[in-house]
Amino acid sequence: MAAVCAFAAMLSGACSITMPFEKTAGSLVGADGEPPTGSIALRASREAALAPGQVSVFSPKLDVEDWRRARAALATALDPQGNGGHVRWENPESKNKGSFAPIGNAFLVRDDICRVYVAMVAAGDPEQWFQGTACRLSANEWLIKDAMPWKRPA
């Protein structure tokens, strides 16, 4: 019985062993020298690239409420657990509207779930179409990686 107790004590003691790690969270960088996608610093640098007062990469005419509604539609459209359908958004106050549609399946980029999308934005002018990639930061938040003008097929 004493041998069983001694053996159990040795096994439970192994749980407290610590091992040195070569990298810490603060030293992680991607292949491009940037911090991981979900980092606050990266998001801040991308948002700083927008013109002053601009809230979206899609149009300088979108206001905060437009972009809030658009982000909700983007999250719903790109959700890898969703049906992969086209999701529309509209702000009755500003009359701005748009939509997002995922293209293909979700894929991994450096442990981030990403998805290609097509977006339409109508903010006073004729509709503008974009194609790009977004990666998920959290369950309902996606970071637009790129948004390039896209010509809608006739």
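What share of the 154 residues in the protein is buried? Buried residues make up 30% of them, where buried means under 20% relative accessible area, exposed means over 50%, and partly exposed is anything in between (1.4 Å probe, protein chains only). The model is a predicted one, so to speak of local features takes a pLDDT of at least 70, and side-chain atom pairs count only at pLDDT 80 or more, while totals for chains, interfaces and linings use all residues. Residues are numbered from 1 along each chain as its sequence is written, and side-chain values use heavy atoms, with hydrogens and water left out.

Now for the overall layout. The protein has three helices and five strands, taken as DSSP runs numbered from the N terminus (H or I of at least four residues for helices, E of at least two for strands). Along the sequence they follow the pattern α-α-α-β-β-β-β-β. Of the contacts (heavy atoms within 4.5 Å) with a separation of 6 or more, 37% are between residues 24 or more positions apart. The accessible surface, from the Shrake-Rupley method with a 1.4 Å probe and, for residues, only the protein chains shown as cover, comes to about 10300 Å², and 58% of that belongs to carbon and sulfur atoms.

Next, the inside. Leaving out residues up to four places away in sequence, Phe58 touches a whole list of residues, including Trp67, Ala119, Val121, Gln128 and Ala147.

Then there are the rings. The structure holds six aromatic pairs; rings of Phe, Tyr and Trp (its six-membered ring) pair if their centres lie within 6.5 Å, with planes under 30 degrees apart called stacked, over 60 edge-to-face and the rest tilted. Phe58 and Tyr117 pair edge-to-face, at 6.2 Å centre to centre and 80 degrees between the planes. Phe58 sits in the loop between α2 (40-48) and α3 and Tyr117 in strand β3, so this pair ties together parts 59 residues apart in sequence. Both residues are buried. Tyr117 also pairs edge-to-face with Phe100, at 6.2 Å and 65 degrees. Phe100 lies in strand β2 (residues 97-109), so here the parts tied together are 17 residues apart in sequence. Phe58, Trp67, Phe100, Tyr117 and Phe130 form one aromatic cluster.
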